[in-house]
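Biologist: Could you take me through this model, one contact at a time? I'd like the cut-offs spelled out as we go.

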Amino acid sequence: MLKEDYTINIIGKQRYEEEIGEVTLSTTGTYKERGNVRFIAYKEYDEDNPRLSFTAVLKVEPDKVTMSRAGSSTRLILEKGRRHLCLYDTGYGAMTVGVFTSEVKSALDKTGGVLEIKYTLDIDSNLSSSNELLVEVIPLPQHREQKGGCYENQ
């Protein structure tokens, strides 16, 4: 069970030829730090069946982000300056895609922050799309207790 103590805002932009698409998600989730690695976890809900959810996890390392989803074969490796062949589950089956990451900017610290990634996807070495991902991690307001006319975080 996720302890949902952070707001996770995600903006994904995708460009293919002249078409531009944008997906936004604002949800709650967790944010943990272990050594030099940070983990962002949140639930994604199925569009056709809102009762069905999957836990998505972003493992953030210096210049590298691994995206995975529980219950799915999807595992994208986004490493600055490198191309990886990754499995992507379409819901109708898994396919192999090439992922080249041109930029990974992390302004994450102990309390949250922002992660920006720019990457391309290719299928059979043919460009499929150029993508940008912005992930914002914001702590939810903590329980507050009134002390002497002021509010103080607990």
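This is a predicted model: local features need pLDDT of at least 70, side-chain atom pairs count only at pLDDT 80 or more; totals for chains, interfaces and linings use all residues.

Modeller: Residues are numbered from 1 along each chain as its sequence is written, and side-chain values use heavy atoms, with hydrogens and water left out.

Biologist: How many bridges join strand 1 to strand 2?

Modeller: Strands here are DSSP E runs of at least two residues, numbered from the N terminus, and two strands pair if DSSP finds at least two bridges between them. Strand 1 and strand 2 run antiparallel, and the number of bridges joining them is eleven.

Biologist: Which residue in the turn of that strand 1 and strand 2 hairpin has a positive phi?

Modeller: The hairpin has two residues between its strands. In the turn, the residue with a positive phi, about 50 degrees, is Glu17.

Biologist: And what is the bridge partner of Glu33 in strand 3?

Modeller: Strand 2 and strand 3 pair in the antiparallel sense over six bridges. They also form a hairpin with two residues between them, and Gly35 in that turn has a positive phi of about 65 degrees. Across in strand 3, the partner of Glu33 is Arg38.

Biologist: Which residues are linked with Glu33 in a network of salt bridges?

Modeller: A salt bridge needs a side-chain nitrogen of Lys or Arg within 4 Å of a carboxyl oxygen of Asp or Glu. By this rule the count comes to seven. In the network, Glu33 is linked with Arg38 and Lys110.

Biologist: How many residues apart in sequence are the parts tied together by Arg15 and Glu132?

Modeller: The closest N and O atoms of this salt bridge are 3.1 Å apart. Arg15 is partly exposed at 34% relative accessible area, and Glu132 is partly exposed too at 27%; the scale is buried under 20%, exposed over 50% and partly exposed in between, with a 1.4 Å probe and protein chains only. Arg15 lies in strand 1 and Glu132 in strand 10, so the pair ties together parts whose separation in sequence is 117 residues.

Biologist: Is Asp122 buried or exposed?

Modeller: Asp122 meets Arg83 in a salt bridge at 2.8 Å, N to O. Arg83 lies in strand 7 and Asp122 in strand 9, so this pair ties together parts that are 39 residues apart in sequence. Arg83 is partly exposed at 39%, whereas Asp122, at 9% relative accessibility, is buried.

Biologist: What is the angle between the planes of Tyr6 and Tyr31?

Modeller: Rings of Phe, Tyr and Trp (its six-membered ring) pair if their centres lie within 6.5 Å; planes under 30 degrees apart are stacked, over 60 edge-to-face and the rest tilted. The structure holds one such aromatic pair. Tyr6 and Tyr31 sit 5.5 Å centre to centre and are edge-to-face, with an angle between the planes of 65 degrees.

Biologist: What is the relative accessibility of Tyr31?

Modeller: Tyr6 lies in strand 1 and Tyr31 in strand 2, so the pair ties together parts 25 residues apart in sequence. Tyr6 is buried with a relative accessible area of 11%. Tyr31 counts as buried as well, and its value is 5%.

Biologist: Which residues have the most contacts inside the largest nonpolar core?

Modeller: A nonpolar core is a set of buried Ala, Val, Leu, Ile, Met, Phe, Trp, Tyr and Cys residues joined through side-chain atoms within 4.5 Å. The largest one has 26 residues. Elements giving it two or more residues include strand 1, strand 3 and strand 10. The residues with the most contacts inside it are Ile40, Val65 and Val135.

Biologist: Why is strand 6 largely enclosed by the rest of the structure?

Modeller: Strand 6 pairs with strand 5 in the antiparallel sense over five bridges, and Met67 stands opposite Leu76 in strand 6. Strand 6 is largely enclosed because, of its five residues, the number buried is four.
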